Each structure stands twice: as C-alpha cells, then as structure tokens.
Amino acid sequence: MTKTIVNSWNEWDPLRHVIVGRADDCHIPPAEPALDAKVPEDSDMRGQWGRRPQDTIDRANELLDGFAALLEGRGIRVDRPTPIDHAQPATTPDFHTDSQFGCMPPRDVLLTVGSEILEATMSYRCRWFEYLNYRPLMQRYFEEDPRFRHESAPKPRLTDADYHPDYLSDKIGNAKRLEWAAAKHFVTTEEEPLFDAADVLRFGRDLVVQHGFTTNLKGIEWLRRHFPDHRVHAVNFPGDPYPIHIDATFTPLRPGLILNNPQRRLPDAQRQMFERNGWDIVDAAQPAHNSPPPLCYSSTWLSMNVLVLDPKTVCVEASEVYQMEQMDKLGMNVIPVALRDAYAFGGGLHCCTADVYREGQCEDYFP
Ligand code: ABU
C-alpha cells in the first residue's frame, strides 16, 4: 500500500488520491433552522425525517462503489469513511437534535489546502459530529505523512442565535427569498464563524468562498486568518434562493475556464479578478432533468457538480447529456458516471468526494 501524501491546491490538477463518501445509515434529520431553510418549499422532504429507506441506501452505495472502482481503474487511490451510528442524537450543552445526517458528502466537511485537511465548522446541528466518520482516515494520514496538517475549525455553538427566525417559515416564497439573497440576508447570522467546506473553491493562492446559508462572513474571516498566505475572496450569487455550497454554481475546469450557473450569475464586480487575468466564465449547459430525484435536498444544477480528474478530463453524471455535450465542446474528455440515484444523499460527483492528493504546487493564477 502506498504511503499517503496530502497535497491539493486547486480543483483541476491531476487527481491521484481521493475520498469517496458512503450512503450507509444516512438519515433525513429532523427539522432544524439551517436545514429547513434549504429544503425547497414544494419538496417531498418537508415534514419527513428518519433513516433513509434501505433500498435507496443500497442503490446509492452501489453507485458510489461503482464510482470508486472507476477511479481506482484509472490509477487513483480511493479511501472511504467509516460510518458512525447516525441514528444517535446529537446533543451538546447548547442544542439537541434527534439524529445525524450521514457520511455523505465528504466535500461539505473536509477542505484540503496544500498539505492540510481542515474540518469545517458546519452549520447544521445534525452535522456537528460528521467529522468523526473521517477520523480513522485522518489518523492514518497523520501517521503516514509527516507533513500532513490535520486541523479542525472551532466547533460552533449553534444556538438559536445563529439563525434568523424569519427563515423559519415554510411559506416564504421565491420572490422574498431572492430579495433576501440579493440583500445578503441569509438564514445564518453573524453570531460566530460558520462555514461548510463545500462553499470554498481552491485556485492555488486564492480561495473563493460563497457567502450564503452555510457560510457567514465571520466564517470567511476565520478562513482568511487561518490561511494567511492565501487571498480569500467572498462571493455571492444573488439568483440563488437557496444558496448553499458553491459547487453547483461555479465550477472551474482548468486554468482560465469556469462554468457559471446561468441562473446564479456572479455579479460583475466579483468577476473582475477573473476577467483581468484572462479567465473565461461561461454559462453552464441546462440540466437534463426538470426536478431533482425523490427525497433530495439539492437542485437540478447538480448537473454541473462534476469531478475534474485533470485539466483535460472530467467526470459528469451519465444522464446529464447537455452538460456532457458542453464539456466535449470545451475540449474536455468526458467520463460519464451514473450517480443520480445517490444525489439524495447530499450531492453529485464533486460533493461525494474530497481531495487528498493532486499533483502540482501552489500557483498564483491572479497576480
Ligand atoms: N451541495 C450542492 C447543492 C447545491 C444546489 O442545490 O444547487
């Protein structure tokens, strides 16, 4: 077995080692403020909670195992989390919730920057203990790689003071949500630093972080202080009424090229850094589906939640015909990967993975 090296500075350098999540024992957690704000108002998930049906867990695991095998077949080392008992309640002195979420998707929890893997604060109570699913891997990397820095951001208290009460209604309506998103009024307050790792995109020396439901400005400031050698940029996508996680909105494919969700356009002022340096930001193709699969938190825009294996090769979900066609036109070699029946467990091909090792070093793409 090869010894681990932790090293990854961006979203596109050649991938050599990755974590792929598992669907085992995943739960739909009970109602809580930040989670409810993300569940679409017409969703079949409203009012439901409990362990996900076993047949859906089995199917999602079949797809995740297939994806892991595909990556291994291309010479990429794949590690998997060790599921904890997600039926256990999560209780701290500050809150109680009756179940946890799962060990999908790892991208939400683990942020790899160079030789560091940082466990995010998370912003849902049901995800407070989720890092424990990955601790066996972190311990192993710590033993095998003397340069590996295992870091954990300060655990948040997640009291009611972390959430704006006006988001607790399930009848807010899309127009009001868009108005709030444009005003940067999100469900999370500025009580304490909060961030999910999937709100961060890595561009070498620059980290681009979405300010939204799962990451607040204090969380971005915490990242800025934690990574003093990086430039940390806060971005917003005002067209998104449920803004969590940047990776179905803004998808770098290689140096100089980013896909942007056409319904969640990066504002002009925030595009300047890219445009000044000759980067193209192109509209992503439309999703192939009109609605997400059953019991799914995410939008149909998981179509653009792709995993880049190297600057010429990208994994795209196999039913996303328009996205595959666009990738092909952009000069990428496309590997179709069936994953749609696992979307309900927390996301697509980028979400369900976390980088451990990509070739390459820290570059400055925006001098
Ligand atoms: N975890 C990515 C979800 C983003 C979206 O629902 O569009």
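**Notes on the predicted model: cavities, cores and a hairpin**

1. Let me start with the inside. The lining of the largest cavity splits into 9 nonpolar, 5 polar and 6 charged residues. Keep in mind that this is a predicted model. The volume of the largest cavity comes out at about 220 Å³. Its lining has 20 residues, and those closest to the centre are Lys-38, Ile-244, His-245, Ser-298 and Gly-346. In total, the structure holds 4 cavities of 30 Å³ or more.

2. Next, the second largest cavity, with about 80 Å³ of space. Here 13 residues form the lining, and Glu-11, Thr-251, Pro-252, Val-306 and His-350 sit closest to the centre. Two elements give two or more residues to this lining: strand 13 (250–254) and strand 16 (307–310). Strand 13 gives the most, with 3 residues. By class, the lining of the second largest cavity has 7 nonpolar, 3 polar and 3 charged residues.

3. Which residues are closest to the centre of the largest pocket? First its volume: the largest pocket holds about 470 Å³ of space. Of its 23 lining residues, Pro-40, Tyr-242, Pro-292, Ser-299 and Thr-300 are the closest to the centre. The lining of this pocket is made up of 9 nonpolar, 9 polar and 5 charged residues.

4. On to the packing. The largest nonpolar core has 60 residues, and the members that touch the most others are Leu-71, Phe-203, Phe-250 and Phe-274. Helix 2 (residues 54–73) is the element that gives the most to this core, with 7 residues. Another core, of 31 residues, lies apart from it, with Val-6, Tyr-131, Met-138 and Phe-148 among them.

5. Phe-250 deserves a click in your viewer. Leaving out residues up to four places away in sequence, Phe-250 touches Leu-201, Phe-203, Phe-237, Ile-258, Leu-259, Asn-260, Leu-266, Phe-274, Ile-281 and Met-304. Two of these contacts, Phe-203 and Phe-274, are also on the list of core members that touch the most others.

6. Is Asp-79 buried or exposed? Asp-79 belongs to strand 4 (residues 77–79). Its relative accessibility is 6%, so Asp-79 counts as buried, the limit being under 20%. Beyond four places in sequence, the contacts of Asp-79 are His-17, Val-18, Ile-19, Val-20, Leu-137, Arg-140 and Tyr-141.

7. Glu-143 is part of helix 3 (residues 135–144). With a relative accessibility of 69%, Glu-143 counts as exposed, because the limit for that is over 50%. If you want a distance to check, Glu-143 and Arg-225 are 27 Å apart in space, C-alpha to C-alpha, and 82 residues apart in sequence.

8. Last, the hairpin. Strand 7 and strand 8 (residues 116–119) pair in the antiparallel sense, over 4 bridges. One of the pairings is between Leu-110 and Glu-119, its bridge partner in strand 8. The two strands form a hairpin with 2 residues between them, and Gly-114 in the turn has a positive phi of about 65°. Strand 7 (residues 110–113) is covered on both faces: Leu-110 and Thr-112 are buried on one side, and Leu-111 and Val-113 on the other.

Note on methods
Residues numbered from 1 in each chain as written. Predicted model: local features only at pLDDT ≥ 70, side-chain atom pairs only at ≥ 80, totals over all residues. Heavy atoms only, no water. Buried < 20%, exposed > 50% of the residue type's maximum accessible area, 1.4 Å probe, protein only. Contact = heavy atoms within 4.5 Å. Core = buried A, V, L, I, M, F, W, Y, C linked by side-chain atoms within 4.5 Å. 1 Å grid on protein atoms, 1.4 Å probe; cavity = no way out; pocket = protein on both sides within 12 Å on 5 of 7 lines; lining within 4 Å. Points joined across faces, edges and corners; volume = space filled by probe spheres on them. Nonpolar A, V, L, I, M, F, W, Y, C, P; charged D, E, K, R; others polar. Pairing = 2+ DSSP bridges.
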